Amino acid sequence: MSEHELRVSKIRNGTVIDHVPGGQALNVLAILGIDGSGGEEVSVGMNVPSDRLGRKDIVKVEGRELSQGEVDVLSLIAPDATINIVDEYDVVDKRRLDRPEFVEGILSCPNRNCITTDDEPVDSKFEVLDDEVRCVYCETIIREELAAHIDS
């Protein structure tokens with residue numbers, strides 16, 4: 001396979017998430033709620049060569065644009081990723097991710113005593129820090145396995 005050969009086919013309409021750190025594609029799919037049972041047309045390239053990252057993952061989802069909440073969570077695990085919106089095989093919008101100051105109603109707090117995990121009508125809210133997120137209610141910090149705390 002030559003270095004210029006396309007490893008993951010183009011999509012007609014949808015979203016391409018590029019420059020994801022190598023090995024994070026499955027977490028991207030979890031964030032998007034894609035487990036293969038919904039019939040989504042998805043292409044995934046994992047640990048492909050990248051000049052910028054050394055190795056990267058690429059996720060292409062046909063017929064779907066991401067919500068702001070999904071983009072916010074993606075920015076936590078892939079801060080250098082780019083989102084490309086594709087229309088009729090052409091990239092019509094390309095943007096880098098911006099890490100928000102807070103994410104709300106997207107992650108579940110692992111602290112069983114947190115007000116957000118009880119029967120209270122309180123959405124979770126996490127402050128986004130450099131290498132972690134912190135619950136604004138109980139101050140529990142999540143540093144690893146962020147995708148495991150995504151509300152489904």
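Mentor: Start with burial: buried means under 20% relative accessible area, exposed over 50%, and partly exposed in between, with a 1.4 Å probe and protein chains only. Helices (H or I, at least four residues) and strands (E, at least two) are DSSP runs, numbered from the N terminus. This is a predicted model, where local features need pLDDT of at least 70 and side-chain atom pairs count only at pLDDT 80 or more, while totals for chains, interfaces and linings use all residues. Residues are numbered from 1 along each chain as its sequence is written, and side-chain values use heavy atoms, with hydrogens and water left out.

Trainee: What makes helix α2 mostly covered?
Mentor: Eight of the ten residues in α2 (residues 68-77) are buried. Among them are V71, L74 and I77. The buried residues of α2 pack against β1, α1 (25-31), β4, β6 (102-104), β7 (125-128) and β8 (133-135).

Trainee: Why is K56 called buried?
Mentor: K56 has 11% relative accessibility, so K56 counts as buried. K56 lies in strand β3 (residues 54-62).

Trainee: What makes the link between the side chains of K56 and D18 a polar contact?
Mentor: A polar contact is a pair of N or O atoms within 3.5 Å; within protein, one must be able to donate a hydrogen and the other to accept it, and residues adjacent in sequence count only if both atoms are side-chain atoms. The K56 and D18 side chains make theirs at 3.0 Å.

Trainee: Why is D123 called exposed?
Mentor: D123 has a relative accessible area of 53%, and the cut-off was given above, so D123 is exposed. D123 is found in the loop between β6 and β7.

Trainee: What does D123 touch?
Mentor: Contact means heavy atoms within 4.5 Å. Not counting residues up to four places away in sequence, D123 touches E104, G105, T116 and Y137.

Trainee: How do you know that β1 and β4 pair?
Mentor: Two strands pair if DSSP finds at least two bridges between them. Strand β1 (residues 14-21) and β4 have five, in the antiparallel sense. D18 stands opposite T82 in β4.

Trainee: How do you know that β4 and β5 pair?
Mentor: β4 and strand β5 (residues 90-96) share six bridges, again antiparallel. I85 stands opposite D93 in β5. β4 and β5 form a hairpin with two residues between them.

Trainee: What makes β4 mostly covered?
Mentor: Five of the six residues in β4 (residues 82-87) are buried.
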